[in-house]
Amino acid sequence: MGVQESDALDVAAIRDEFPVLDREFDGTPLRYLDNAATAQTPKRVVEAIVDYYYGYNANVHRGIHELSQEASIAYEEAHDTVGEFVGTDRREEVVFTKNTTEAMNLVAYAWGLNELGPGDEVVLTEMEHHASLVTWQQIAKRTGATCKYVPITDEGYLDMEAARDLITDDTEMVSVVHVSNTLGTVNPVRELTDIAHDHGAYAFVDGAQSAPHHPVDVTDIGCDFFAFSAHKMCGPTGIGALYGREEVLEEMEPYLYGGDMIRKVTFEDSTWNELPWKFEAGTPSIAQGIAFAEACEYLEDVGQDAIERHDRELTEYAYDRLSEFDDIDIYGPPGDDRGALVSFNLEGVHAHDLASIVNDDGVAIRAGDHCTQPLHDVLGVGASARASFYLYNTREEIDVLVEAVDEARQLFA
Ligand SMILES: Cc1ncc(COP(=O)(O)O)c(C=O)c1O
């Protein structure tokens, strides 16, 4: 297989780190192009989990004994590594959550339920993932606040003129996806954060599709919150992170109550632990947290700039190849100006059928609404197929996808 075709990365060496990529189905090799849903996990991340369970499995924070101290140090330091990965050196600002969705819910419940009320507005975009859209919609319902949505242009960019009109002094929160998981649009989050702050609102950036693919610096963006999931960036499932500006997290009420998040408890009342533990009630996902840090270090060792270049090359290649066909509709901005994914439809073939046909050639892509139903309504389609790329993917895999799409075309002709 022509794996040495990336200008940016030694893909053959990288693929050796991911045993699952050797899978075959009746002799047909796997071509894994579903990375926006979840990425594969390299050996060293899995080994970090094994090392923990074989070497120092113990509960954290509360132990005097040696094993617990080792686990506590590793788990706590994992916050530092994950924080540095997105540009903060303050442990207080890094809360481990289950995933991006839980990070969003944490802020919506802990801040939104207490601070929002009738007359207040939350500004989202038409391209939000359900993790953000449904969460703010439901919190708005409970508080009497209103959600407003920045529309997209025909090219799949945010209409920034509309954004400037929609974000007003009534806005309390601007919650925006950094890279759309359906359109691939890379949103101007620095500009949106500035507009939010000009009106006294907070800015929440959903980094689920950005943190895995290019360097992120929350200080440069200036946002108050940033959320991302380990499983989309070579880490395990069950762990993600919320970056929150310290002053804001300090003012927020806890989200979950229980052990570890308290300082002093009496029968009458309780006080809260310091950050970030105030937001991590109960026994946390210790092994996953440690492995999340290992995944960050892995991506840094490979080189985030190189990964970004590689992903861009592949994305542009996939966009160009799929654009060769008049009967394929691609959603979102041009191939050289998007995140590492391409969503599309083949005329006359439902996305589910397409995904099923390419699966026969070992190609794993996503089909459906990608948790962006309202966006698909705007696009005027019920579903789309999505191919998404990462550091171990090759042009050859994209060629197989395009050939498989051609087979689908002939089957349905
Ligand atoms: C843009 C975006 N936001 C949020 C999420 C939710 O991530 P998780 O399921 O890890 O909570 C996803 C997952 O696909 C996503 O693509």
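How many residues surround the ligand, and which are the closest? Keep that question in mind as you look at this predicted model. The ligand is surrounded by 14 residues, and T101, D206, Q209, S229 and K232 are the closest.

Let us stay with the ligand for a moment and look at some polar atoms facing it. T101 places a polar side-chain atom 2.5 Å from an oxygen atom of the ligand. H231 has a side-chain N or O atom 2.8 Å from a ligand oxygen. For H129, the distance between an N or O atom of the side chain and an oxygen atom of the ligand is 3.4 Å.

Now step back and take in the whole chain. The domain assignment divides the protein into domain 1, made of residues 11-32 + 303-412, and domain 2, which covers 47-301. Notice that domain 1 is written as two stretches of sequence. If you take the C-alpha centres of the two domains, they are 28 Å apart. Where the domains touch, 33 residues of domain 1 and 30 residues of domain 2 take part in the contact.

How can we describe such a meeting place? The size of an interface is often given as the accessible area lost when the parts come together. Here, domain 1 and domain 2 bury about 2500 Å² between them, and carbon and sulfur atoms account for 59% of that area. On the domain 1 side, Q304, L375 and Y390 together provide 26% of the area buried against domain 2, more than any other three residues.

What sort of contacts cross this interface? The count is zero for salt bridges between domain 1 and domain 2, whereas 15 residue pairs are in polar contact. To find the pieces of domain 1 that touch domain 2, look for α11 (304-323), β14 (341-346) and α13 (373-379), each of which supplies at least two residues. The most comes from α13, with six residues. Sorted by class, this side of domain 1 has 16 nonpolar, nine polar and eight charged residues.

Side chains of opposite charge can pair when their charged atoms come close. One example is E121 with K148, whose closest N and O atoms are 3.2 Å apart. E121 belongs to strand β5 (residues 121-125) and K148 to strand β6 (residues 146-150), so this pair ties together parts that are 27 residues apart in sequence.

The peptide bond from L275 to P276 is cis, with omega near 0 degrees. You will find P276 in the loop between β12 (270-272) and α10 (286-302). The other detail is D26, which is not a glycine but still has a positive phi of about 50 degrees. D26 sits in the loop between β1 (24-25) and β2 (28-29).

Technical notes: Residues numbered from 1 in each chain as written. Predicted model: local features only at pLDDT ≥ 70, side-chain atom pairs only at ≥ 80, totals over all residues. Heavy atoms only, no water. Domains from an automatic or database assignment. Contact = heavy atoms within 4.5 Å. Buried area = accessible area lost by both parts, 1.4 Å probe. Salt bridge = Lys/Arg side-chain N within 4 Å of Asp/Glu carboxyl O. Polar contact = N/O pair within 3.5 Å; in protein donor to acceptor, adjacent residues only side chain to side chain. Helix = DSSP H or I, 4+ residues; strand = E, 2+ residues; numbered from the N terminus. Nonpolar A, V, L, I, M, F, W, Y, C, P; charged D, E, K, R; others polar. Near = heavy atom within 4 Å.
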